Amino acid sequence: MADLTQSVFGVEWQSPVLLASGTCGYGEEYADLIPLAEIGGIVTKAVSLEPRPGNPPHRVSETPGGMINAIGLQNVGLAAFIREKLPWLAENLSRARVLINVVGHSASDFEAVVAGLDGEEGFLGYEINVSCPNVKDGTLFGTDPSALADLVSTLRRVTSRPLIVKLTPNVPDIGLYARICEDNGADGLSAINTFPGMLIDVEQRRPVIGNVSGGISGPAILPMGVYLTWRARRSTGLPIIGIGGIRSAEDALQYVLAGASLVQIGTALFVDPEVAVEVHRGVAAYCARAESALRDLVGGVMIPERE
Amino acid sequence: MGRPIRDWAEIREVRSAAAETWWVELDSPGIAATAEPGQFVMVGLGLGQVSAPFLPRPFSVGMAGPDRTVGLLLREFGSGTRRLAQLREGDRVLLLGPLGRAFSVPSDRPVVCVAGGVGLAPFLFLAADQNRTGRQVQLLYGERTADRVFAPSLIEELTGVAPIVYTEDGTAGRSGRVLEGIRPEEAPALLACGPTPMLQAVARLAQERELSLQVSVEEHMGCGIGTCQGCVVRSASGEWIKSCTEGPVFDARELSWPT
């Protein structure tokens, strides 16, 4: 029997597989298709203080080996999230952990959302989204070291729940941002959000995406995500949730060996919702074959020494 | 309406129906048993490969019935649909469905289906479904040119209804736009599916003549089940609403139309 259990963010995880923010709604939408009780958890669609309308269509399109999206963080806002979405999570997800993805225009916006949620039930902690490429100020905090430091320390004062920062890949040195998160009291990192990109319809000579640019996700970004996870791992002792292009157990294990304790699956869910459980089972089979507990594989990639 | 099912479905039959246009029948008893006209399925090739179509594509259910099969109208538009068009009997595709809101067919007045291009698909199912219960709907069907016209004999075989065909260049059926076949004085209930300019024209007519109109819309789609919020259209009150779960069938008055 493979041992996939890990103690991360102060709790026990039965599975390393989570569903990524923006791809699993508020959990309820996939309840008929994915046995949520068998996986590690879900990360909700971003929650902002006020409702957000989102971007004009087209919002999604296929790109080679993946997709581009520019949803624009459309969401119901904090009050409606607490009233309409959180009760379902509290009632139905007892085994799978829930992280709430939080977004804001300013540090005080983020602070208000975290403060507003903190006394509620039905979730474990927060994934702080400082890395959305599809809104004007989406990566402001993720690409400015001092703004990031201020944000993380501010939020640390507001909550004692796990505080996980979702990093953007769009920086020269992700290790710098990983260290800033650690130094200012974060509990973990999600690496990575989407890469900014663009798709042009050559017949129309117009961008396909209504927002002009969007975030690239899917198998095409797997090696970049694995690399950035490894880079972040070398810079910080914080637990990392690996994200980007995972569609198989082998993909997930690449992230684990690069240094991720947990992983998130996103775009692949749209292709086949069964992928979440298949990755979980595949990782279990690998651990059984390797006669190794999952926790002992984290960061276990062997880098050959050069002459 | 049934809950969505994930199903690796085997292709039973592929028939050529017009230029770059195919009628595909799949063995999918679960979806066939619960789908209603106007609903759709996501059609993909699974995660074993990453070339187009990597993301599944939404297709109106073109037929579903007691013989366990789901019928789809497939036209080649881009690399993804071209690849799907190469599939043959015995190949499998990954289906997710049935999804979305179906047409609500009124029983108190004549029903006229207004189809443009592949917008014909949901009305094949709807016309056949109505025909089984002894009701005849009128089917107005427009294409640009004759070579695009889905074989009328196949439409009649599938639905029991003879379509009234329009082509813009007059090379088949009646010459002109499909809109010209609507007789507002008979106060029909209009059901429409097709390119956006056609839907806009029908919506304008329905508003001017105070006719009831349901439209089935199409927008680029990610998940098909309401999580990604990719497939939005503008509501009458100006909000972006999801065509996958709140639609794809809307009362025309629920949507915002350019004036």
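This is a predicted model: local features need pLDDT of at least 70, side-chain atom pairs count only at pLDDT 80 or more; totals for chains, interfaces and linings use all residues.
For His220(B), which is 10 residues from Gly230(B) along the chain, the separation of the two C-alpha atoms is 7.0 Å. Gly230(B) is part of the loop that runs between β13 (213-216) and β14 (232-234) of chain B. Gly230(B) counts as buried because 28 other C-beta atoms lie within 10 Å, where 20 or more are required.

The contact between the chains involves 32 residues from chain A and 27 residues from chain B. On the side of chain A that touches chain B, at least two residues each come from β5 (60-63), β6 (66-69) and α7 (267-271). This side of chain A comprises 14 nonpolar, 11 polar and seven charged residues.

Nonpolar side chains tend to be buried together in soluble globular proteins. In this model, the largest nonpolar core contains 184 residues. Residues with the most contacts inside this core include Val263(A) and Ile265(A) in chain A, and Val41(B), Cys113(B), Val114(B), Leu124(B) and Leu190(B) in chain B. The most is given to this core by helix α3 (residues 121-132) of chain B, which provides seven residues. Val114(B), one of the residues with the most contacts inside the core, is in contact with Leu140(B), Val178(B), Ile182(B), Leu190(B), Leu191(B), Ala192(B) and Val202(B), again leaving aside neighbours within four places in sequence.

Conventions
Residues are numbered from 1 along each chain as its sequence is written. Chains are lettered from A and ligands numbered from 1 in the order in which they are written. A nonpolar core is a set of buried Ala, Val, Leu, Ile, Met, Phe, Trp, Tyr and Cys residues joined through C-beta atoms within 7 Å. A residue is buried if 20 or more other C-beta atoms lie within 10 Å of its own, exposed if 12 or fewer, and partly exposed in between; C-beta atoms are placed from the backbone. Helices (H or I, at least four residues) and strands (E, at least two) are DSSP runs, numbered from the N terminus. Two residues are in contact if their C-beta atoms, placed from the backbone, lie within 7 Å. Ala, Val, Leu, Ile, Met, Phe, Trp, Tyr, Cys and Pro count as nonpolar, Asp, Glu, Lys and Arg as charged, and the others, Gly among them, as polar.
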